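User: I am new to this model. Walk me through some of the labels used for it, and tell me what backs each one.

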Amino acid sequence: MDAFNNFANGTVALFSDPLGIVIFLSGVVGGMLFGAIPGVSMLTLAAILLPFTAHLSAEHGIMLFSVIYCTGVYGGAITAILFNIPGSPENAPTAFDGYPMTQKGQAGRAVGAAVMCSAIGGTVSAVLMMLATAPIADWAISAFGPPEIFALVFFGLAVAASVGAKTIWKGWLSILAGLMIAVVGLDPVGGIERYDFNMPYLLAGIHFIPTILGFFAVSEIMVQAEKKVTGAYSAPKLSVDFPSFSELWAHKFAVVRSIIIGFFCGILPGIGATLAAFMGYNEAVRWSKERWEFGKGKLEGVISSETANNAATGAAMIPLLALGLPGGALTAMMVGVFQMHDMEPGPLVFLNSADLVWVVFAAMFFANLSILLIGFLETKTIINLLRIPFQFLAPLILMLATVGAYAVRGLVIDVVVMFVAGVLGFFLRRTGYSVAGIVLGLILGKIGEQTFAQAMQMLHYEWTGYFSRPIGLALLIAGFLTLGASAYRAFYAAPVEAPPEESKSA
Amino acid sequence: MKFKNYLAGAATAIAALAVAGGTALAACATDDLPATRDKAGDFPARALTMIVPYGPAGGSGQVAQAMAQAVSELTGVSINRDHKPGGSGTVGMTAYMATPADGYTVLEHIDDASSAHALDSSRPNPAEDLIPLVTSQITFSQIYIRTNEDRFTDWKSFVEWVKAQDGKATIANVSKEGSMERVTMKFITDATGMKIQQISFDKGAPRYGALAGGQVDALFEQPGDVRKFLDAGRFKPILTILKERPGAFADVPSIKDVGLDFEPLLRFRGFYVKKGAPADRVEWLQWAFQKAFCTESYQKYNESKFMNLIDSYRDTEGSKELITSTVAQYREVYKAMGLEVK
């Protein structure tokens with residue numbers, strides 16, 4: 001009841017202040033735009049705005065950032081679905097199935113599902129955030145150390161081989177290729193230089209954003225261009241059909257599952273929405289009876305990834321506000337906003353500035369609701385972007401992708417990486433490998449390697465140490481069971497060859 | 001130039017005295033520099049770029065933001081920050097060395113640049129290949145435990161407990177080979193005879209979460225970075241890695257108090273311009289960055305990060321001395337550790 005009263009007070013404080021409303025609405029629109037345009041992201045917007053927040057009150061500054069966070073995580077889904085360009089890494093799994101749906105003429109269903117699920121995931125997460133907070137954060141950091149996070153990543157990767165590849169072997173090779181790319185650069189523990197060929201830029205590792213842009217956007221343009229040249233090209237059919245209510249209801253378990261996964265990943269410091277989206281997607285694959293359909297245009301893929309990444313937003317505020325531990329880059333910038341107002345996020349914020357906390361909570365709740373409203377309004381217009389003929393659209397996409405790759409760190413090498421990935425992706429896709437698998441391996445591999453090394457140090461290099469960590473042990477066993485089952489199917493069961501493909505995209 | 005250095009030097013001495021006396025309020029190191037200064041010809045005619053070899057949220061990102069803001073307030077010239085993280089600062093440094101030496105691009109860097117040069121002399125030497133404009137943050141490290149810890153309560157009981165664990169005790173750290181953290185821990189473990197497993201976390205939040213959540217037994221960190229945990233009463237320092245106790249931590253033993261005898265390594269952050277930039281532009285930048293150190297906003301920032309506990313200011317010459325002695329110190333340590341010094 002307390003929580004409800006506080007929430008009501010926060011809502012009143014938010015909407016009774018004209019300046020607050022203006023900032024709220026600007027945050028909603030700004031986050032969506034910057035999330036949707038490849039090349040810039042909500043982080044770009046946040047970095048631009050950071051110095052200006054000194055002139056806002058603390059409430060308004062933090063509220064603006066939290067609203068941008070909610071809507072920015074959704075915005076990237078649109079370009080992921082329509083053009084195969086994830087606006088930010090947490091939307092990459094959305095492209096796995098969203099873009100194939102566009103090619104099948106189901107863009108409306110995919111975007112509609114993304115709108116609904118982002119809103120549901122975010123709103124539920126905001127409610128959980130209000131009810132949970134401090135005790136949950138303490139529990140999360142004490143129950144989940146590096147050994148458990150590694151086990152979680154392993155559990156997720158165990159099922160990833162079935163995403164988008166023609167056979168399970170090619171699926172595994174794709175994942176392993178991603179894992180190999182992830183080990184380029186300084187090793188996360190001793191700082192040992194690996195595969196750097198004496199190039200200082202390789203020391204920093206191969207960044208996943210140019211890699212994603214290359215494997216998805218650039219290789220897709222080459223695939224379409226080839227079709228255009230050989231006369232096999234047909235423009236994607238336009239549809240503005242929204243997913244029906246019964247269609248979404250049929251995926252209710254996927255939504256609930258993704259909320260739980262997303263919320264959980266969001267709570268862990270340093271993990272955040274990207275892992276949430278990938279894990280949400282992987283679990284959808286694991287629990288599905290039609291796992292070979294994933295990566296080829298399955299609505300459930302879009303639903304799982306978009307629900308999970310928005311569910312992580314509310315959760316990420318918990319360790320930030322309760323413990324002062326930011327979960328990702330954007331929440332880390334929020335720490336900067338707090339500091340500009342002589343505050344430190346942490347347990348004292350709840351005591352000293354409870355009003356502020358509840359205004360932020362209310363703002364996040366309504367920001368997620370407004371995704372639904374604005375999403376519905378814009379979807380029917382935005383889908384018309386697909387009417388642009390390919391020969392005009394392709395250069396535009398290439399330009400945006402190039403800007404996006406360069407903007408990550410301002411390094412030309414990232415643009416080179418993107419084009420190399422594009423060409424590689426083109427050939428890998430023709431031969432039945434999965435670019436989605438490579439990206440999964442790359443992103444989960446970076447987190448996995450670091451937590452593995454930390455876990456081994458903590459357990460004194462003894463695997464048996466896991467016997468004293470039941471959560472980690474359970475996740476590891478579940479992962480091995482999944483691996484065993486898929487190996488069994490590959491050898492003994494009836495061939496699980498995918499049915500004839502409608503499109504070659506993965 | 002000489003006179004200015006003299007002034008700055010004298011001001012530093014006064015500031016040091018003031019800090020020592022516990023009255024850092026009034027005097028500031030560069031109060032004697034002129035409040036305004038004409039442009040050097042038409043320089044700067046446009047915004048400056050500051051390359052920051054770390055992300056925006058960490059200690060370097062924050063000091064870059066605070067200094068850029070202070071310089072802009074002072075001179076009206078805006079500074080665009082360009083973050084190029086990766087490879088422990090190597091990527092940013094390499095990108096910076098490729099920029100033209102026209103004074104428009106400046107660099108933020110930390111003591112990692114000095115230790116990297118000590119290990120491999122083909123890496124740029126910040127004191128010779130760059131011109132330090134100002135060193136604006138100098139701080140020390142401490143070892144922290146949870147406040148509600150009951151297995152040990154102070155340094156003495158901690159050392160005993162760690163020894164009893166026979167190598168199973170853990171401390172969260174940034175343990176890149178040859179880093180300030182790793183070298184300092186080696187000094188400590190060699191002298192005390194404890195065996196402790198160092199767990200490397202390259203980002204702050206998971207590192208602090210590991211101590212708060214009981215994943216590790218202790219934490220190696222600088223006080224400014226964990227101030228909120230200290231203020232909230234969750235962490236407490238049990239050892240200050242300095243020879244003397246600073247006033248704010250008067251009840252925490254220093255290394256000298258617990259019988260450790262080594263020269264403490266400091267963490268420092270500063271701003272640089274490339275060697276070969278026109279002399280009048282360099283002088284203008286030196287004035288701007290040194291004067292900005294004493295602006296109210298920058299001083300407030302440094303104070304909030306515990307950067308006022310020991311003298312945090314060095315001008316160009318002072319920075320060169322600091323870097324040169326740091327490089328020499330690391331080189332000696334690396335040789336003693338058996339690392340290959342190139």
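Analyst: This is a predicted model. Start with helix H21 of chain A: 20 of its 24 residues are buried, so the rest of the structure largely encloses H21(A).

User: What makes Thr451(A) count as buried?

Analyst: A residue is buried if 20 or more other C-beta atoms lie within 10 Å of its own. Thr451(A) has 25 such neighbours inside 10 Å, so it counts as buried. This residue sits in H21(A). Leaving out residues up to four places away in sequence, Thr451(A) touches Pro146(A), Ile149(A), Phe150(A) and Val153(A).

User: How do you know that the span of H21(A) is close to the expected one?

Analyst: The helix covers residues 435–458. From first C-alpha to last, H21(A) reaches 34 Å, and 34 Å is expected at 1.5 Å a residue. The helix does bend, by about 35° at Gly445(A). That angle lies between axes fitted to the seven residues ending there and the seven starting there.

User: What comes after H21(A)?

Analyst: His460(A) follows, with a positive phi near 55°. Tyr461(A) also has a positive phi, about 60°, although it is not a glycine. Tyr461(A) belongs to the loop between H21 and helix H22 (470–491) of chain A.

User: Why is Tyr461(A) called exposed?

Analyst: The cut-off for exposed is 12 or fewer C-beta neighbours. Tyr461(A) has 10 other C-beta atoms within 10 Å, so it is exposed.

User: And what makes Tyr195(A) partly exposed?

Analyst: Partly exposed covers the counts between the exposed limit of 12 and the buried limit of 20. Tyr195(A) has 14 C-beta neighbours inside 10 Å, so it falls in that class. Its place is the loop between strand E2 (193–194) and helix H10 (200–203) of chain A. Tyr195(A) has a positive phi of about 50° and is not a glycine.

User: Which residues touch the most other members of the largest nonpolar core?

Analyst: That core has 198 residues. Val67(A), Ile81(A), Leu213(A), Ala276(A), Phe361(A), Ala363(A) and Val439(A) touch the most other members. Helix H4 (residues 58–83) of chain A gives the most to this core, 16 residues. A second, separate core has 63 residues, including Trp284(B) and Phe293(B).

User: How do you know that E5(B) pairs with strand E8 of chain B?

Analyst: Pairing needs at least two bridges. E5(B) and E8 (residues 218–221) share three bridges, in the antiparallel sense. Gln142(B) stands opposite Glu221(B) in E8(B). Five bridges join E5(B) to strand E9 (residues 235–240) of chain B, also antiparallel. In E9(B), Thr240(B) stands opposite Gln142(B).

User: Why is E5(B) described as mostly covered?

Analyst: The strand spans residues 142–146, and four of its five residues are buried.

User: What makes up the contact between the two chains?

Analyst: Chain B gives 36 residues and chain A gives 41. On the side of chain B that touches chain A, H7(B) has the largest share, six residues. That side holds twelve nonpolar, 15 polar and nine charged residues.

Key: Residues are numbered from 1 along each chain as its sequence is written. Chains are lettered from A and ligands numbered from 1 in the order in which they are written. This is a predicted model: local features need pLDDT of at least 70, side-chain atom pairs count only at pLDDT 80 or more; totals for chains, interfaces and linings use all residues. A nonpolar core is a set of buried Ala, Val, Leu, Ile, Met, Phe, Trp, Tyr and Cys residues joined through C-beta atoms within 7 Å. Helices (H or I, at least four residues) and strands (E, at least two) are DSSP runs, numbered from the N terminus. Two residues are in contact if their C-beta atoms, placed from the backbone, lie within 7 Å. Ala, Val, Leu, Ile, Met, Phe, Trp, Tyr, Cys and Pro count as nonpolar, Asp, Glu, Lys and Arg as charged, and the others, Gly among them, as polar. The expected span of a helix is 1.5 Å times one less than its number of residues.
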